[in-house]
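Here's a walk through one model, written for someone who likes to know the cut-offs behind each label. Have the viewer open as you read.

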Amino acid sequence: MPFKLPAGPTPGATIGELADFAELLAWHVGSTSARELVRKQNQEDDNDHNIGLEDAEVENTDAADEAFLEIENRSKLLGESYPFKLVSGQKLEHLPIDDENFGAVVYRYLLLCTRLNMKNDRTHGKLDGAALFEKLTAAVMRTYLGPSRAKSIAFGTSMPGGFSEKLNDLCTKIAEGGGYAPIDGSATEANDGDLDAFAWVPLKDQRLGKLMLFGQSKTGTTWKTSITQSRPEDFSGRWLNSRRFSVDPVRTLVVAEWVSNNEWLSIQLQTGLLLDRPRVVELAVDIENDLRKRILKWTIAAKKVTPITARWE
């Protein structure tokens, strides 16, 4: 099982989990190292009464080295937006929070959104972290389409208003769809119809046919079991009066987790457009000031109260 705070990674953790773990350790105490990561993993193995600890130590050393290679790749890809400094390939230092470096703020936010239990531990600083992620999803989808022209809205269950009200508003904004009209004629409403955010590029003539993104946002690590659930054609056929969009929107999945390269192709083929942690950080450049402040506030508050088990100390 992927690790969730306050626990650390279990034996057999993926390289991505170990990289996240090292980042959280560095954030917690200021810095960590590959050797320290091995020690923590050996403690986890010992706590699980692992048989053949000597072999486990060798395996953990290899895994720690691979995790720090992954960290080096993260640092090179994100540059100044990576909130850590890698020293000599073996030591990871957490950099001071700079609210002007919003990419680094978003990285920390997404790291916590991945490793906290966002079902039961999502509210910090009186802010709902999952709701913030839906708004961030809408913002980065708009940026990807081109912020000077594109529009977007957050649509998920954490947004105010009922499903029919939000759907009618969306249809008005995109000038198509015909509004809320459930196919079974029932007044029963969906939660969000598996739609969390929608982005489009409007044109002055308001005629049918435009580029659109149909987005789903996922925090945590269990999202891979539901990546085929959100389909624009299913949504339109069930809920829109027109029963279809004039041009099929691009299925878009936005996740807080960093998706590894060896998983990328198989996941992307099932999701359509996939925006994971580094892509969200890259696209988080045209974010309204209020949302920036809320994400920073939530991140600081969540980190302050995040429990750390004794074996992390």
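What follows covers salt bridges, aromatic pairs, a charged patch and a few backbone details.

First, the ground rules. This is a predicted model, with local features needing pLDDT of at least 70 and side-chain atom pairs counting only at pLDDT 80 or more, while totals for chains, interfaces and linings use all residues. Residues are numbered from 1 along each chain as its sequence is written, and side-chain values use heavy atoms, leaving out hydrogens and water.

## Salt bridges

Side chains of opposite charge can pair when their charged atoms come close. Here, a salt bridge is a side-chain nitrogen of Lys or Arg within 4 Å of a carboxyl oxygen of Asp or Glu. Searching the whole structure turns up 17 salt bridges. Three of them are worth a click:

| Pair | N to O distance |
|---|---|
| Arg-74 and Asp-20 | 2.8 Å |
| Asp-20 and Arg-277 | 3.0 Å |
| Glu-23 and Arg-74 | 3.1 Å |

Glu-23 sits in helix H1 and Arg-74 in helix H3, 51 residues apart. Helices and strands are DSSP runs numbered from the N terminus (H or I for helices, at least four residues; E for strands, at least two). Salt bridges with shared partners tie Asp-20, Glu-23, Glu-70, Arg-74, Arg-115, Glu-257 and Arg-277 into one network.

Back to the pair of Arg-74 and Asp-20, whose side chains meet at 2.8 Å, N to O. Arg-74 is in helix H3 (residues 53-78) and Asp-20 is in helix H1, so this bridge ties together parts 54 residues apart in sequence.

Arg-277 counts as buried because its relative accessibility is 0%. Glu-23 is buried as well.

## Aromatic pairs

Rings of Phe, Tyr and Trp (its six-membered ring) pair if their centres lie within 6.5 Å; planes under 30 degrees apart count as stacked, over 60 as edge-to-face and the rest as tilted. The structure has 16 such aromatic pairs. In one of them, the ring centres of Tyr-109 and Trp-298 are 5.3 Å apart and the planes meet at 85°, so the pair is edge-to-face.

Phe-214 and Phe-235 make another edge-to-face pair, at 5.3 Å centre to centre and 70° between the planes. Here strand E8 (residues 212-218) supplies Phe-214 and helix H7 supplies Phe-235, 21 residues apart. Phe-214 counts as buried at 1% relative accessibility, and so does Phe-235 at 3%. Ring pairs also join these two into a cluster with other residues, among them Phe-155, Tyr-180, Trp-200 and Trp-239.

## A negative patch

Which residues form the negative surface patch? They are Asp-194, Glu-233, Asp-234 and Asp-248. For a patch, residues need over 30% relative accessible area and no salt bridge, with like charges joined within 9 Å (nonpolar side chains, Val, Leu, Ile, Met, Phe, Trp and Tyr, within 5 Å). Asp-248 is placed in the loop between helix H7 (232-239) and strand E9 (250-255), and it counts as exposed at 58% relative accessibility.

## Backbone details

Leu-5 and Pro-6 are joined by a cis peptide bond, with omega about 10°. Pro-6 is in the segment before helix H1 (15-29).

Two residues other than glycine have positive phi. Ala-175 has phi near 60° and is in the loop between helix H6 (163-174) and strand E7 (197-200). Arg-243 has phi near 65° and lies in the loop between H7 and E9. Ala-175 counts as partly exposed at 25% relative accessibility, as does Arg-243 at 30%.

Methods. Accessible areas come from the Shrake-Rupley method with a 1.4 Å probe; for residues, only the protein chains shown count as cover. Lys and Arg count as positive and Asp and Glu as negative; His and the chain ends are not counted. The place of a charge is taken as NZ of Lys, CZ of Arg, CG of Asp or CD of Glu. Buried means under 20% relative accessible area, exposed over 50%, partly exposed in between (1.4 Å probe, protein chains only).
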